[in-house]
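Here's a quick briefing to read with the model open in your viewer.

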Amino acid sequence: VEELRKGFQSLGQDISMAEVQDIINSTDFDKDGKMNFEEFVAMVRLEEMKEKQENREAKLDLEFRKVFKEFDTNGDGTVTIDELKSVLQKMNENIPDEELQKMFQESDIDGDGRITFEEFKTMIEIRD
């Protein structure tokens, strides 16, 4: 465990003993409490996959933020129904008021009359 932790630290990764143990447990296929070469390769691949997933999520989050800023026309960090309607009209998306109201209410999870970034992201993900 300590050897692996030192290896991570030499690569600039500050990792706790518990995290190292979790990594070992997730790749210790023969359950001997040690990491052989095959298990090490599996660990590296698993970490690479996690990093790629985190990068994809970060890029997607950045894209959501860019789109959110387009709808948040007054820059206050939230989107009102008027902002939503205005931007959709500029995009030639003429959604009937009833449908827009319903979509807005479904997205405004806390019911405060404003859509936060997290609520907006949820709304976009559900509609995809």
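Which residues have the most contacts inside the largest nonpolar core? They are Phe71, Val79, Leu84, Leu88, Met103 and Phe120, in a core of 14 residues. A nonpolar core here is a set of buried Ala, Val, Leu, Ile, Met, Phe, Trp, Tyr and Cys residues joined through side-chain atoms within 4.5 Å.

Some ground rules: this is a predicted model, where local features need pLDDT of at least 70, side-chain atom pairs count only at pLDDT 80 or more, and totals for chains, interfaces and linings use all residues. Residues are numbered from 1 along each chain as its sequence is written, and side-chain values use heavy atoms, with hydrogens and water left out.

- H3 (37-71) and H4 (81-90), along with H5 (97-107) and H6 (117-127), each supply at least two residues of the 14-residue core; helices are DSSP runs (H or I, at least four residues), numbered from the N terminus.
- A second, separate core has seven residues, including Leu4, Phe8, Ile15 and Met43.
- In soluble globular proteins, nonpolar side chains tend to be buried together.
- Leu88 touches Phe71, Glu93, Ile95, Leu100 and Met103, leaving out residues up to four places away in sequence; contact means heavy atoms within 4.5 Å.

**Helix H3**

- The 35 residues of H3 should span 51 Å at 1.5 Å a residue, and the end C-alpha atoms agree, being 51 Å apart; the expected span is 1.5 Å times one less than the number of residues.
- Glu39, Met43, Asp61, Phe64, Phe68 and Phe71 are buried in H3; buried means under 20% relative accessible area, exposed over 50%, and partly exposed in between (1.4 Å probe, protein chains only).
- At the start of H3, a side-chain oxygen of Asn36 comes within 3.2 Å of the backbone nitrogen of Glu38.

**Salt bridges**

- Searching the whole structure turns up seven salt bridges, each a side-chain nitrogen of Lys or Arg within 4 Å of a carboxyl oxygen of Asp or Glu.
- Glu47 and Lys50 pair up at 3.6 Å, N to O. They sit three residues apart in helix H3, so about one helical turn separates them. Glu47 is partly exposed at 24% relative accessible area, and Lys50 is partly exposed at 40%.
- Lys66 and Glu63 form another salt bridge, with their closest N and O atoms 3.6 Å apart. Both lie in helix H3, three residues apart, about one turn of the helix. Lys66 is partly exposed at 47%, and Glu63 is partly exposed at 44%.
- Asp76 and Arg114 meet at 3.0 Å, N to O. This pair links distant parts of the chain, 38 residues apart: Asp76 is in the loop between H3 and H4, and Arg114 is in the loop between H5 and H6. Asp76 is partly exposed at 38%, and Arg114 is partly exposed at 32%.
- Asp61, Arg65 and Lys121 are linked in a network of salt bridges.

- Asp72 lies in the loop between helix H3 and helix H4.
- Setting aside neighbours within four places in sequence, Asp72 is in contact with Gly77, Thr78, Val79 and Glu83.

Technical notes. A polar contact is a pair of N or O atoms within 3.5 Å; within protein, one must be able to donate a hydrogen and the other to accept it, and residues adjacent in sequence count only if both atoms are side-chain atoms.
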